[in-house]
Amino acid sequence: MMVLMDAAATANQVQDVLQCIEAQGMQTLRLPGDEHIAIGIPSAIPPAVRETLTQQLSTLPGVDHVVQISRPYKLASREFRSVDTVINIKGVEIGGKTCVVMAGPCSVESREQIFESAKVVRDAGAKVLRGGAYKPRTSPYAFQGLGPEGLELLKEAGDAFGLLTITEVMAPEDVPLVAAHADILQIGARNMQNYALLIAAGKSGHPTMLKRGPSASLDEFLLAAEYLLHHGTQDVMLCERGVHPLDRTYTRNTLDLNAVPALHQISHLPVIVDPSHGTGVAKFVPAMARAGLAAGADGLIIEVHPRPREALSDGAQSLTPDQFTQTVAELRKIAEAIGRSL
Ligand code: PEP
Ligand code: MN
């Protein structure tokens with residue numbers, strides 16, 4: 001259950017609501033909101049108490065209305081906010097009518113490589129440049145990313161081509177440095193339930209894209225997003241990037257496109273689809289990018305590399321510049337067909 005206060009509610013009125021709930025032996029949770037202060041009750045409410053408590057709270061001065069929230073997460077739920085969240089980063093909207101394309105190499109490898117990539121991304125009409133500086137690699141012997149130098153190169157390339165930037169942050173202590181260099185923090189699939197990282201990213205208040213863990217249920221995914229929102233980030237994007245497949249013979253993961261409409265139903269947060277990690281195979285990326293957009297994604301994140309065969313990570317799933325440019329042209333038609341733009 002959640003109590004939404006009037007926009008003009010006084011501190012005393014808020015206090016009275018807290019006391020009314022706590023008098024029933026239940027915990028309260030103050031939730032920051034855009035227009036209203038909200039007071040959540042995270043614990044289960046016995047059915048016998050629910051009705052009278054709802055009535056009591058609804059009549060207290062300063063209370064706008066009481067909402068029953070059936071989900072374990074609150075701030076991320078559509079019940080908490082019925083309208084879609086539209087994130088505005090330096091004039092680029094994510095979650096509105098226009099779909100956004102984020103693209104670039106898996107890893108920042110050199111100045112030349114990230115600048116070449118940025119030009120391709122910008123010329124195709126994408127708005128956000130991706131590129132990992134800290135890479136979560138399965139093998140400790142694989143390329144681990146350029147670290148701070150990679151962040152600097154990504155920022156320079158983004159600035160030079162007028163693109164927003166997104167890059168992964170892997171450790172809580174790196175959040176300030178990454179946030180100082182990139183417009184959007186990426187929390188990777190392997191770190192979806194790294195609570196120390198979620199708390200640090202949330203406290204930074206920086207826009208954050210959270211990737212779904214390969215084995216995470218949608219409730220687990222949204223509870224992880226709830227950490228970010230609860231600790232102070234309003235601008236959270238959810239990214240579906242494929243779940244553990246039944247069969248790895250032909251694809252790396254299984255892109256769960258059911259998640260797109262399902263997440264839109266249960267949450268107000270923008271949903272991004274990653275067809276690159278979702279398939280692991282460059283030649284399947286365009287089809288699944290189109291499918292993601294058709295399913296209702298608010299954006300796509302796509303790996304593109306000037307020379308995929310030389311890539312230090314994820315070359316097999318990276319599009320060439322020509323393939324990427326062609327894909328974006330196809331995506332424009334899909335967007336138009338479903339009443340959106342790109
Ligand atoms: C990436 O974006 O390069 C990446 C490592 O993604 P994920 O966390 O989805 O595996
Ligand atoms: Mn990658």
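1. Asp-84 is partly exposed, with a relative accessibility of 44%. Here, a residue is called buried under 20% relative accessible area, exposed over 50%, and partly exposed in between (1.4 Å probe, protein chains only). The side chain of Asp-84 forms a salt bridge with that of Arg-78, at 2.7 Å from N to O. The term salt bridge refers to a side-chain nitrogen of Lys or Arg within 4 Å of a carboxyl oxygen of Asp or Glu. By this rule, the structure has 15 salt bridges.

2. A remark on the basis of these values is in order. The model is predicted: local features need pLDDT of at least 70, side-chain atom pairs count only at pLDDT 80 or more, and totals for chains, interfaces and linings use all residues. Residues are numbered from 1 along each chain as its sequence is written, chains are lettered from A and ligands numbered from 1 in the order in which they are written, and side-chain values use heavy atoms, with hydrogens and water left out.

3. Lys-90 and Asp-183 also meet through their side chains in a salt bridge, at 2.6 Å from N to O. This pair links distant parts of the chain: Lys-90 belongs to the loop between β5 (87-89) and β6 (92-94), whereas Asp-183 belongs to the loop between α5 (175-181) and β10 (184-187), 93 residues apart. Helices (H or I, at least four residues) and strands (E, at least two) are DSSP runs, numbered from the N terminus. The two partners can be described by their accessibility: Lys-90 is exposed at 67%, while Asp-183 is buried at 11%. The backbone of Lys-90 also deserves a comment, for its phi is near 50 degrees, a positive value in a residue other than glycine.

4. Further charged pairs may be checked in the model. Asp-123 and Arg-122 join their side chains in a salt bridge of 2.9 Å, N to O. Asp-123 is partly exposed, with a relative accessible area of 48%, and Arg-122 is likewise partly exposed, at 36%. Elsewhere, a network of salt bridges links Glu-116, Arg-307 and Glu-310.

5. Which residues hold the manganese ion (ligand 2)? Its protein donors are Cys-106 (SG), His-277 (NE2), Glu-303 (OE) and Asp-314 (OD), at 2.1 to 2.4 Å from the ion. Donors are N, O and S atoms within 2.8 Å of the metal (3.2 Å for Na, K and Ca); water is not among the atoms, so sites may look incomplete. Along the chain, the donors follow the spacing C-x170-H-x25-E-x10-D.

6. The phi angle of Asp-314 is near 55 degrees, a positive value in a residue other than glycine.

7. Ligand 1 is surrounded by 13 residues, of which the closest are Arg-130, Gln-186, Ala-189, Lys-211 and Arg-241. A residue is counted here if one of its heavy atoms lies within 4 Å of the molecule. By class, this shell has three nonpolar, three polar and seven charged residues. Ala, Val, Leu, Ile, Met, Phe, Trp, Tyr, Cys and Pro count as nonpolar, Asp, Glu, Lys and Arg as charged, and the others, Gly among them, as polar.

8. Oxygen atoms of ligand 1 are approached by several side chains. A polar side-chain atom of Lys-135 lies 2.9 Å from an oxygen atom of ligand 1, and a polar side-chain atom of Gln-186 also lies 2.9 Å from an oxygen atom of the ligand. For Arg-190, the distance from a side-chain N or O atom to an oxygen atom of ligand 1 is 3.2 Å. The protein covers 97% of the 300 Å² of accessible area that ligand 1 has on its own. Accessible areas come from the Shrake-Rupley method with a 1.4 Å probe; for residues, only the protein chains shown count as cover.

9. Two further pairs may be located by their C-alpha atoms. Val-17, in helix α1 (residues 11-22), is buried at 0% relative accessibility. The C-alpha atoms of Val-17 and Val-63 are separated by 8.2 Å, although these residues are 46 residues apart along the chain. Pro-136 occupies the loop between β8 (128-130) and α4 (148-161) and is buried at 16%.

Terms used: A polar contact is a pair of N or O atoms within 3.5 Å; within protein, one must be able to donate a hydrogen and the other to accept it, and residues adjacent in sequence count only if both atoms are side-chain atoms.
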